[in-house]
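Please keep the sequence and the model in view while reading.

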Amino acid sequence: MPEILDLARNQVLERGVGLDEEGVLAVLRLPDEHISGALQLAHEVRMRWCGPEVEVEGIVSLKTGGCPEDCHFCSQSGLFTSPVRSVWLDIPSLVEAAKQTAATGATEFCIVAAVRGPDERLMKQMREGVAAIKAAVDIQVAASLGMLSQSQVDELVEMGVHRYNHNLETCRSYFANVVTTHTWEERWDTLRMVRDSGMEVCCGGILGLGESIEQRAEFAAQLAALDPHEVPLNFLNPRPGTPLGDRPVVDGKDALRAIAAFRLAMPRTILRYAGGREITLGDLGTRDGLLGGINAVIVGNYLTTLGRPAEEDLALLDDLKMPVKALSATL
Amino acid sequence: MSTWCERCGGSLAEGDHAACEAARRFEPPRFCPECRRRMKVQVLPAGWSASCVGHGSRRSPA
Ligand code: SF4
Ligand SMILES: [Zn+2]
Ligand SMILES: [Zn+2]
């Protein structure tokens, strides 16, 4: 067994202390024949420190497209010639989406908007939308609305939004290669305010943006330092018309190395499979991930792209004897 | 009457759209197949809807 996996067994599995940047890098560099060993260990770590439950979430785009920011992977930026047009979801459709999500057994419903940060119109839509969902559906409401001011943070808490997503996207040293309209530190500021407010912090990113393996390890270490409640892990799905539209997808083996490495860096976090898993890992990838450290999934469709039918993921969880986390366990 | 590729907006009579067709498994349509306009597309957890100003709306198959 490679030295790093021995070390991880003692430190992460037995003591619950995540790997540091150097340790993560060693996992990311493991030769092919040790990937399954790393996944197996990551799975044991997840079972030991998180348990067998899987948190199921649905997401919906409240405001799609036309974003003034220039995140180079994003089809919703208004600065690229992406075919995604700007569109707003009305409140009845938002409530319907929450119902569809709850019907899968999901406990989390995340409302997302393609904006730099919320304006008054969006906050009003959130106030009305969250209230309408809470009146009609039994589900936890999360939000992802870009960078926030302190008063917006306070308002979201008041609305009953229990978790806020704001991805750092990539490591600090690579961020300016991917986004030029705001900084990593600006994102960090929002995350700090969210954490201080008592809302749960959801913060992850996208692999395959052109970052090096070392930068992937740097990113895992920076996330671990933030210690978010949840880390959504996306793999680049190159979108037509974006600056990263011609990038190759992440190699499947590298994706699996990353899943194991991120789990070994953060033994207690909710590590969620988010976008791009279907493209990077195919139909078998979901199973491999769930047996390699992942303990949460986004089911159904994403914001501008489609996912596997929710039933397929739920059948897989059943098959793996992994119970879906119940709402009572999240309250 | 499909004249235009729903994914890339190119002419179906020209070029190969096999990759577009394969990609559609995980993507909603983006261009109106009749007039090539970019459609307004809303993705929902269990489906999508797409509308063209000239040719109306449609939804994902149930
Ligand atoms: S801020 Fe969000 S919606 Fe806007 S371009 Fe960046 S990733 Fe896309
Ligand atoms: Zn095409
Ligand atoms: Zn049309």
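What is the geometry of the site of the zinc ion (ligand 2), given the angles among its four donor atoms? The site is tetrahedral, with angles of 99 to 124°; four donors count as tetrahedral if all angles lie between 85 and 135 degrees. This is a predicted model, in which local features need pLDDT of at least 70 and side-chain atom pairs count only at pLDDT 80 or more, while totals for chains, interfaces and linings use all residues. Residues are numbered from 1 along each chain as its sequence is written, chains are lettered from A and ligands numbered from 1 in the order in which they are written, and side-chain values use heavy atoms, with hydrogens and water left out.

The zinc ion (ligand 2) is held by Cys5(B) (SG), Cys8(B) (SG), His17(B) (ND1) and Cys20(B) (SG) at 2.2 to 2.4 Å. Donors here are N, O and S atoms within 2.8 Å of the metal (3.2 Å for Na, K and Ca). Along the chain, the donors of ligand 2 follow the spacing C-x2-C-x8-H-x2-C.

The zinc ion (ligand 3) is coordinated by Cys32(B) (SG), Cys35(B) (SG), Cys52(B) (SG) and His55(B) (ND1), at 2.1 to 2.3 Å. Its arrangement is tetrahedral because the four donor atoms subtend angles of 102 to 116°. The spacing of these donors is C-x2-C-x16-C-x2-H.

Attention now turns to ligand 1. The residues around ligand 1 (those with a heavy atom within 4 Å of it) are Cys67(A), Glu69(A), Cys71(A), Phe73(A), Cys74(A), Ser77(A), Ala114(A) and Val115(A). By class, this shell has six nonpolar, one polar and one charged residues.

The last topic is the cysteines. Over all chains, zero disulfides are found, a disulfide being a pair of cysteine sulfur atoms within 2.5 Å. For Cys50(A), the nearest cysteine sulfur, that of Cys202(A), is 14 Å away.

Notes
Nonpolar A, V, L, I, M, F, W, Y, C, P; charged D, E, K, R; others polar. Tetrahedral: all angles 85-135°; square planar, octahedral: opposite > 155°, others 65-115°.
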